[in-house]
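Trainee: I'd like to learn how to read a ligand site and a pair of packed helices. Could you walk me through one model?

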Amino acid sequence: MFFIETLRGMTAAMKKTSVTDIRSLKGMRRIVALTAYDCTMAKLVASGGADILLVGDSLAQCVKGEETTLSVTLEETIYHTRNVVKGAGTALVVADLPFMSYQVSTEQGLSNAGRVMKETGCQAVKMEGGSPERCELISRCVESGIPVMGHIGLTPQSVNAFGGYVVQGRSDDEGKKIFDQALNIERAGAFSIVLECIPYQLAKNITLRVSSPTIGIGAGPYCDGQILVINDLLGMSFWEKKPRFVKVYDDIASKIIGAVSSFRDDVVNGEYPEIKHSYKGVDGENGQQD
Ligand code: KIV
């Protein structure tokens with residue numbers, strides 16, 4: 001009996017997180033989401049207990065060294081998402097649809113969302129915006145069996161329209177617009193909604209009103225879950241000025257630089273590799289004489 005219970009516990013622990021699991025966390029406990037762009041980081045982040053791994057288009061800044069997310073292509077999204085899926089364990093993997101892969105038309109968005117699902121093995125896609133056209137796309141995806149994470153507030157693919165990375169929804173009018181977008185995205189069937197860089201009171205009102213879990217980034221403490229870019233959390237981002245909402249949990253950049261410079265010193269000084277790091281010939285010394 002004990003054995004069966006243990007096995008059940010293990011099986012439950014090994015079950016892949018689904019979008020319905022994420023929905024049912026609302027009001028039960030906060031949802032933990034982080035970005036990942038490769039298999040190694042996916043393994044580490046999933047082992048740390050993240051519920052959701054987002055293959056964010058922030059890969060533009062974190063992997064490609066770009067200033068904005070706009071250059072990411074569908075092929076890059078597919079490549080990185082495939083790699084993350086391999087390391088994700090039980091965490092839910094969401095692929096971020098890149099700029100201009102879904103803005104042209106509902107048909108274009110549906111077909112690209114389908115391609116990402118088919119070619120990567122992820123469980124859901126994310127798309128930015130809350131316009132009626134976007135909500136139509138969300139609902140077509142959901143009808144077709146493609147779970148969607150919405151994303152409103154500061155939507156980085158619209159950085160040029162916003163005139164920079166600026167907090168959204170500060171005025172009553174703007175706040176009302178974002179609130180209505182959240183209601184429409186919920187109605188369209190999104191399983192969760194990212195709220196980025198909006199006042200915490202607005203995020204709280206949305207969270208209380210919608211049944212889809214809200215995942216905040218720069219949206220205060222009252223969301224149903226939180227997401228951060230993994231490089232930011234680990235102290236591996238090279239900002240001129242740290243955004244207010246980021247909490248840096250470690251200084252991995254210094255640790256990597258330290259390890260690399262120790263390797264460099266050892267190589268330069270002839271201290272690495274030692275014989276213990278080397279292979280012996282099968283038949284004894286196997287040495288060549290000059
Ligand atoms: O691309 C990204 O990393 C994101 C999140 C930070 C929400 O969209």
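This is a predicted model: local features need pLDDT of at least 70, side-chain atom pairs count only at pLDDT 80 or more; totals for chains, interfaces and linings use all residues.

Trainee: Which residues are around the ligand?

Mentor: A residue is near a molecule if one of its heavy atoms lies within 4 Å of it. Here that gives Thr35, Leu54, Gly56, Asp57, Ser58, Asp96, Lys126, His151, Val194, Ile217 and Val229. Sorted by class, the shell has four nonpolar, four polar and three charged residues; Asp, Glu, Lys and Arg count as charged, Ala, Val, Leu, Ile, Met, Phe, Trp, Tyr, Cys and Pro as nonpolar, and the others, Gly among them, as polar.

Trainee: Which side chains have a polar atom by a ligand oxygen?

Mentor: Look for a polar contact, a pair of N or O atoms within 3.5 Å. Serine 58 has a polar side-chain atom 2.5 Å from a ligand oxygen, aspartate 57 has one at 3.0 Å, and aspartate 96 has one at 3.2 Å. The protein buries 96% of the 260 Å² that the ligand exposes when taken alone (Shrake-Rupley method, 1.4 Å probe).

Trainee: And how do I read packed helices?

Mentor: Two packed helices are described by the angle between their axes and the distance between the axes. Helices are DSSP runs of H or I, at least four residues, numbered from the N terminus. The axes of α7 (residues 132–143) and α9 (residues 172–188) come within 8 Å and cross at roughly 20°. The two are therefore roughly parallel (angles under 35 degrees).

Trainee: What about α3 and α5?

Mentor: The axes of α3 (residues 39–47) and α5 (residues 74–87) come within 7 Å, crossing at roughly 40°. That makes α3 oblique to α5.

Key. Residues are numbered from 1 along each chain as its sequence is written. Side-chain values use heavy atoms; hydrogens and water are left out. A polar contact is a pair of N or O atoms within 3.5 Å; within protein, one must be able to donate a hydrogen and the other to accept it, and residues adjacent in sequence count only if both atoms are side-chain atoms. Axes are lines fitted to C-alpha atoms, for helices over the stretch in contact, and angles run from 0 to 180 degrees between N-to-C directions. Angles under 35 degrees count as roughly parallel, over 145 as roughly antiparallel, 65 to 115 as roughly perpendicular and the rest as oblique.
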